[in-house]
Amino acid sequence: MRIDILTPFPELIAGTFDESMIRKARDKNLVDVKFWDIREEAKDKHNTVDDYAYGGGAGMILKPEPIFRTMDKICDGSSDPRQRVLFMTPQGKQFDQALARDLSAEDHLIFICGHYRGVDERVIENLVTDEISIGDYILTGGELAAAVISDAVIRLLPGVLGNFDSAEGDSFTSGLLDHPHYTRPEVYRDYKVPDVLLTGHHANVETWRKEQSLERTRLRRPDLYKKYIQKSDDKKSQ
Ligand code: ADE
């Protein structure tokens, strides 16, 4: 996969792509991540990327030229039909695990990070394929959203996680939240690991994990729990 990130502040997130699993994925050439500082395509002597809004009002707007010019450089004149151009905005579609899976099947993702009050609408109308939000809150810019989405997508690429089970067992993949996990020592400050996990009885462990997942989901995410139960009932009646 190729990922290009357009931003006036690459340093804000570049480090998050240099550690842990994402670093390893890059080292193994499973993903090629490139940052594009749109200021380099601002042609005036102050490298201006924003301007006042037509019609007035508070806040600055990202200008179209630096973004269009950077896109020309990335696409080298031809736009790839398998490429998705994602604009990070609280007005976008809510990001979730299903969208992460959808994006992980693409060859090329391009993130455009908004800043200030917004971006000139011609960018969205003519370059962007998807507007995406990571939640109902306002960030100072789209960079952190681009880092969150890239992280969730990259870890789903084949070969990134140690074994395929680690993605299969994720919360949301099954429709339920994950069960609790424990590791050594068996007792720490009088806090004990649940007995069932020490029995070596595989079927009982699986039953316990499923019960824990169901109960956690029922208590913490009644919306997901309802969907899960409905789906199981539908399957039974087929
Ligand atoms: N930019 C500012 N807030 C955002 C959010 N919640 N999601 C995506 N991009 C954003």
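The model is predicted, so a few ground rules apply: local features need pLDDT of at least 70, side-chain atom pairs count only at pLDDT 80 or more, and totals for chains, interfaces and linings use all residues. Numbering runs from 1 along each chain as its sequence is written, and side-chain values use heavy atoms, with hydrogens and water left out.

An automatic or database domain assignment supplies the domain bounds. The chain splits into domain 1 (2-154) and domain 2 (169-237), and the centres of domain 1 and domain 2, taken over C-alpha atoms, sit 36 Å apart.

Next, the sheets. Helices (H or I, at least four residues) and strands (E, at least two) are DSSP runs, numbered from the N terminus, and two strands count as paired if DSSP finds at least two bridges between them. Strand β1 (residues 2-7) pairs with β2 in the parallel sense over 6 bridges, and D4 is opposite K34 in β2.

Between β3 and strand β4 (residues 60-62) the pairing is antiparallel over 3 bridges, with I61 in β4 as the bridge partner of D51.

Now for the pockets. On a 1 Å grid over the protein atoms alone, a pocket is an open set of points where a 1.4 Å probe fits, with protein on both sides within 12 Å along at least five of seven lines; lining residues have an atom within 4 Å of a point. Grid points are joined across faces, edges and corners, and the volume is the space filled by probe spheres set on the points. The largest pocket holds about 570 Å³. Its lining has 16 residues, with F172, S174, G175, L224 and K227 closest to the centre. Two or more lining residues come from each of α3 (97-104) and α8 (222-236), and α8 gives the most, with 7 residues. Each of domain 1 and domain 2 supplies at least three residues to this lining.

The second largest pocket comes in at about 400 Å³. Of its 25 lining residues, F87, M88, T89, P90 and Q91 lie nearest the centre, and β5 is the top contributor with 5 residues.

The peptide bond from R184 to P185 is cis, with omega near 5 degrees, and P185 is in the loop between α6 (165-168) and β9 (187-188). S20, found in helix α1 (residues 20-27), has a positive phi of about 55 degrees although it is not a glycine.
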